[in-house]
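Morning, everyone. Please bring the structure up on your screens. I'll start with a term we need, then walk through the chain.

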Amino acid sequence: MKTLLVCEYREGKLLDSSYELVAFAERLGAEKALVIIGSEPEAPKVNGKVYVAAAATYGEYNPDLHKKLVLEAVQRENPDYIVFLHSSYGWDLAPRVAAALKAGQVSEVVGIVDGKLEVGFCNAKLRRIVSAKSARTVVTIQAGAFSFTGEATGTPQIEKLDTTAASSVEFIGYEPAEAKDVDLTRAEVIVSAGRGIGKKDNVPVIAALAKALGGELGASRPVVDSGWVEHSHQVGTTGQSVSPKLYVACGISGAIQHLAGMKKSDFVVAINKDKDAPIGEIADVLVVADVMQFVPAMTAKLMK
Ligand SMILES: Cc1cc2nc3c(=O)[nH]c(=O)nc-3n(C[C@H](O)[C@H](O)[C@H](O)COP(=O)(O)OP(=O)(O)OC[C@H]3O[C@@H](n4cnc5c(N)ncnc54)[C@H](O)[C@@H]3O)c2cc1C
């Protein structure tokens, strides 16, 4: 079984998330070849074949040309799986490649069960196991679902990739997102509110702990979707990726999409009334308690 892993490159750099594709291939027990439309010095540090096309020629993003380049690599490698991250790059390019190959696409894969693909549904509350009927499968993987634990120290065997195809679009550049009222990416301490806090009126209780610790208020997605907290505070795949010294998760279960945004925190304290909540698997300290009793008591102690 063989995978072709489509890596990502932005503003002159390979994105580290590309190694999650390698972790996926390893979990599948499959051979791998990689593709990057970037630059040779930024080719992923893995042992094995890496197809490199120059972003200087084809643009850091161009759906027409990148599709052609990936298809060229597919022709040369004949992979069973063509794998992308479920990012803005992957979710735009993967369906174009799947349509061109008449291949089935499985999106937002979060796991592998007996060699089949596991995806979430019902807002990630349930999982289904799927496989495509086509000979080849195009896959996008959920950010954070496959962690690369090895060292990126391999020596890539570079193969040049080119196309003579023309494009009807042109990559112009990146536009920075609007400034937000809070920049969680720089915070050293983040105290985040999850659905377990119960209601909007309880948000100030969590914010008070954040203040007492000299940190910022974060939130899980349901808290934002319910309108209790602004989206600029959301941590996770559709929020911000943070790496504070201390992350306190208050009434947060530990869904993959949330963990993807905060797993680089140095020290994680989770407060949850469920001792088996998945957040416990990555927390350094799990406090099994009612968050609305524990947090005010802790804030009061800190204020003393
Ligand atoms: C495409 C996609 C993108 C997503 N992006 C994000 C994202 O960026 N960020 C994100 O957070 N989520 C994201 N999600 C949603 C994610 O899958 C989860 O649904 C979400 O993270 C759950 O939030 P939660 O932990 O606050 O709530 P829940 O999963 O409902 O967990 C609440 C927790 O609180 C505990 N609890 C309840 N009452 C108390 C109490 N009184 N005291 C202590 N503990 C209590 C419960 O035991 C439970 O563990 C995304 C989902 C999808 C499909």
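Two strands pair if DSSP finds at least two bridges between them. Helices (H or I, at least four residues) and strands (E, at least two) are DSSP runs, numbered from the N terminus. A word on the source: this is a predicted model, where local features need pLDDT of at least 70, side-chain atom pairs count only at pLDDT 80 or more, and totals for chains, interfaces and linings use all residues. Residues are numbered from 1 along each chain as its sequence is written.

Now the overview. The chain has eight helices and 16 strands. Its C-alpha atoms fill a box of roughly 70 × 40 × 35 Å along the principal axes. The radius of gyration, taken over C-alpha atoms, is compared with a globule rule of 2.2 Å times the number of residues to the power 0.38. For 304 residues, a compact globule would have a value near 19 Å; the chain has 21 Å, which agrees.

How is the chain divided? Into domain 1 (2-160) and domain 2 (184-303). These bounds come from an automatic or database domain assignment. The domain centres, taken over C-alpha atoms, are 32 Å apart. Six residues from domain 1 and seven residues from domain 2 make the contact. Two residues are in contact if their C-beta atoms, placed from the backbone, lie within 7 Å.

Start with strand β4, residues 31-38. It pairs in the parallel sense with β1 (residues 2-6) over five bridges. With β5 (residues 48-54), β4 again pairs in the parallel sense, over five bridges. Look at two single positions. V6 stands opposite V35 in β4. I36 has V52 as its bridge partner in β5.

Is β4 mostly covered or mostly open? Mostly covered: seven of its eight residues are buried. Buried means 20 or more other C-beta atoms within 10 Å of a residue's own; exposed means 12 or fewer, partly exposed is in between, and C-beta atoms are placed from the backbone. Over the chain, 43% of the 304 residues count as buried.

Next, the core. A nonpolar core is a set of buried Ala, Val, Leu, Ile, Met, Phe, Trp, Tyr and Cys residues joined through C-beta atoms within 7 Å. The largest one has 86 residues, and V35, I36, V83 and C250 have the most contacts inside it. Helix α1 (residues 18-28) gives the most to this core, six residues. Why does the core lie between the domains? Because domain 1 and domain 2 both give residues to it. Take V83.

Now a five-stranded sheet. It is open, the pairing is parallel, and the order is β13-β12-β14-β15-β16. Its edge strands are β13 (216-219) and β16 (285-288), each pairing on one side only. Neighbouring strands are turned by 20° against each other on average, direction ignored. Axes are lines fitted to C-alpha atoms, for helices over the stretch in contact, and angles run from 0 to 180 degrees between N-to-C directions.

Four bridges join β15 (residues 267-272) to β16, in parallel. There, V269 has V285 of β16 as its bridge partner. Helix α8 (residues 291-303) packs on the sheet and touches β14, β15 and β16. Its direction makes about 130° with that of β15. Helix α5 (residues 203-212) lies across β12 (189-193), β13 and β14 (246-250), at about 170° to β12.
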